[in-house]
Amino acid sequence: MAKILVVDDAEFLRLRISKILTSNGHEVIEANNGVNAVNTYKSTRPDAVLMDITMPEMDGLAALKAIRAADPKARVVMLTALGQESVVLEAIKSGARDFIVKPFQPDRVLNAINRVLS
Ligand SMILES: [Mg+2]
């Protein structure tokens, strides 16, 4: 069992991902924008992060960079939409371990999490 921080401004998506993760034995913490993601990461130190890119306050790329600055070992997987290839590339360069393109199947989320945790 791992502690996973799920970051997305869309509540239905956080709920969907949380359901997938908790039904597979993981603990989930949620944040709805980049600022809250960085603060929550620092206070809870999750084992991995699933991070949306387009969000208010602070986007996922900036939050990824802030989290990796606070913890260079942070394991972050980006949640992306089609057409965000350039942002995905910069995220990978900034230390993101993987990316999941929306819409996604539950297995894709579990595989990504299992891989970054191993
Ligand atoms: Mg979004």
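Quick definition before we start: helices (H or I, at least four residues) and strands (E, at least two) are DSSP runs, numbered from the N terminus. With that in hand, Asp8 sits in the loop between S1 and H1.

Some housekeeping. This is a predicted model, where local features need pLDDT of at least 70, side-chain atom pairs count only at pLDDT 80 or more, and totals for chains, interfaces and linings use all residues. Residues are numbered from 1 along each chain as its sequence is written, and side-chain values use heavy atoms, with hydrogens and water left out.

Okay, back to Asp8. Its relative accessible area is 1%, so Asp8 is buried; the cut-offs are under 20% for buried, over 50% for exposed and partly exposed in between, using a 1.4 Å probe and protein chains only. The Asp8 side chain makes a polar contact with the side chain of Lys102 at 3.1 Å. By polar contact I mean a pair of N or O atoms within 3.5 Å; within protein, one must be able to donate a hydrogen and the other to accept it, and residues adjacent in sequence count only if both atoms are side-chain atoms. A polar atom of that Asp8 side chain also lies 2.8 Å from the backbone nitrogen of Ala10.

Now the metal. Which residues hold the magnesium ion's protein donors? They're Asp9 (OD), Asp52 (OD) and Thr54 (O), at 2.1 to 2.2 Å. Donors here are N, O and S atoms within 2.8 Å of the metal (3.2 Å for Na, K and Ca), and water is not among the atoms, so sites may look incomplete. Asp9 is in the loop between strand S1 (3-7) and helix H1 (11-22), and Thr54 in the one between strand S3 (48-52) and helix H3 (60-70), so the pair ties together parts 45 residues apart in sequence. Asp9 is partly exposed at 37% relative accessibility, while Thr54, at 54%, is exposed.

On to S3. Five of its five residues are buried, so S3 is largely enclosed by the rest of the structure. Ala48, Leu50 and Asp52 point one way, Val49 and Met51 the other. S3 pairs in the parallel sense with S1 over four bridges, and with S4 likewise over four; pairing takes at least two DSSP bridges between two strands. Met51 is the bridge partner of Val7 and stands opposite Met78 in S4.

Finally, the largest nonpolar core: 21 residues, with Val7, Met51, Val76 and Met78 making the most contacts inside it. That's a set of buried Ala, Val, Leu, Ile, Met, Phe, Trp, Tyr and Cys residues joined through side-chain atoms within 4.5 Å. H3 gives the most to this core, four residues.
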